[in-house]
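Reader: Please take me slowly through one part of this model, the pocket and what surrounds it, and state the cut-offs behind each term as you go.

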Amino acid sequence: MMFGYADGLQIELDLEPASLEGLAEGRCRMFLAGEPVWVGEGEAPDGCGGYLEWTWVDMLEFLGRWWPWLVLEEDYPVPVSPAFPSQFLAECERRWDGMADEQVDDEELEAHRFLARHDLASAPRGLFLPSLIIMRQGKTAQISAPGLPREVIRPWREVETVLEAAGEHLCTACAESTQPRARQAVGWWQERRQRTAAREWMLTTRLEEDAPGRFEQAGIDADEWQWPELRAVARMAFDSVVNADQQAELLRRIVDCPARATPELDRIEASIGEQLDDTEPPYRQGYWAASRLRDWLGLSPEAAVEPGEWLKRWGVHVAGINLGACPIEAVTVWGERHGPLVLVNHASESRAGHKYGERATLAHEIAHLLLDRQGALPVAEVLGGRTPEYPEKRARAFAAELLLPRDVAARAVEQSADLTEAAERLRADYRVSRELLAWQITNSGAAKQLQSRQEKALLEQWRSGRAGVT
């Protein structure tokens, strides 16, 4: 029996009839986007590789035991930002280079526990299979099989439905078994929803159980925590760097902004979403969406864009907040009960605390409002917090292209006497930082026209951010 969809996850199970001694013995194959991921030796009649013979009670045990994490865990246990789960360990290795051994040991343990919860290859005991990692991000699921040429992003509900159908089939195959392993696996599976509910608070907020009471003393009603937007902000923003007073202030500002209609923003979002090719790399998606927005707004590539003005026209509330000594640049909320609201960190050390940095930040948040409310970020985003990297890459490209199209940057280089003259013209006309214009010059291909070593070094200095945000 095949569960799933040809352009997503497919699980094929051919199991023996249920029995008192049964452990869901039988055959299995798995496919991702039509490509075989788990197949055995030889070749099946369909030419896609042979079947794997095993006791698939292991898979039922895995799904039942780790269901709460599969359904609710949306971020990594180590502070790294891989674009896809297949890159997680490599990102960790880079972080651990030069770190104290004791901290590396602790984080390495957490990293492997995470993979044990999300990599289906961890399920079969004694059968070594290629990794197949599933991680939820909002309304989407990222599925990584390192041996395949591309990563796959599918609607979360679709992936959840496939896993549940396979789990029910495995549970039926083990239902009559008296084997202890089968009884335990069936029990975990049948109790998965209760266990998910019991862990929901911890996995969706990363806060301690008594946190609602603590925030109630700061004026945040405990009933507010029923709304996913508050939970998402807590999960992505609250760590040791955001102090208790800042946490309370963020929550108060969100609670004080009731939901409002944004019909024009919604129409633009729907139009772009219908045409967006999400199989393209995220930066290409960002460039395309920024160009499409300019077309929608009737703006030529040469026209300067004021993102704050457009947000206000669309009905998005934009306000400043002072979060000193904090890496967060902005918090944007668009939940069922609150927002859309963009809180920009105006602290002097924040990039968004400077005029050019604020414009780039607001353009970045426009990207999320247009591209991610139906996807990886359905209720909120924290710029500078623990936001998924895939939508962040797309939003960075979108913001740069919206504020300064690459073609415009390239023409300025071609028509100017030197790089400094081009940069001053672009900064005056488009009010962007040297870092942003340096990246747009580079990504336009115009950097190849620079002849002198001094100009190439200057461009690299700007690109690295060493020139500051103004």
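Author: The largest pocket has a volume of about 1100 Å³. A pocket here is an open set of points, on a 1 Å grid over the protein atoms alone, with protein on both sides within 12 Å along at least five of seven lines, whereas a cavity is a set of points where a 1.4 Å probe fits but cannot get out. Grid points are joined across faces, edges and corners, and the volume is the space filled by probe spheres set on them. The model is predicted, and local features need pLDDT of at least 70, side-chain atom pairs count only at pLDDT 80 or more, and totals for chains, interfaces and linings use all residues. Residues are numbered from 1 along each chain as its sequence is written, and side-chain values rest on heavy atoms, with hydrogens and water left out.

The lining, meaning residues with an atom within 4 Å of a point, is made up of 46 residues, of which Glu329, His364, Leu383, Glu392 and Arg396 are the closest to the centre of the largest pocket. Two or more lining residues come from each of α8 (228-237), α11 (282-297), α13 (355-371), β12 (380-383), α14 (389-403) and α17 (434-444); these elements are DSSP runs numbered from the N terminus, helices being H or I with at least four residues and strands E with at least two. Helix α14 gives the largest share of the lining, seven residues. By class the lining holds 23 nonpolar, 12 polar and 11 charged residues, where Ala, Val, Leu, Ile, Met, Phe, Trp, Tyr, Cys and Pro count as nonpolar, Asp, Glu, Lys and Arg as charged, and the others, Gly among them, as polar.

Ala83 sits in the loop between α1 (57-72) and α2 (88-96), and it counts as buried because its relative accessibility is 5%, buried meaning under 20% relative accessible area, exposed over 50%, and partly exposed in between, with a 1.4 Å probe and protein chains only. Leaving aside residues up to four places away in sequence, Ala83 touches Gln142, Glu389, Tyr390 and Lys393, a contact being heavy atoms within 4.5 Å.

Two of the helices that contribute to the lining, α8 and α17, also take part in salt bridges, each defined as a side-chain nitrogen of Lys or Arg within 4 Å of a carboxyl oxygen of Asp or Glu. The side chains of Asp75 and Arg235 meet at 3.9 Å, N to O, and this pair links distant parts of the chain, with Asp75 in the loop between α1 and α2 and Arg235 in helix α8, 160 residues apart. Both partners are buried, Asp75 because its relative accessibility is 6% and Arg235 because its value is 11%.

Glu435, with a relative accessible area of 16%, is buried, whereas Arg351, at 38%, is partly exposed. Returning to Asp75 and Arg235, salt bridges with shared partners join them with Glu73, Glu74, Arg117 and Arg206 into one network.
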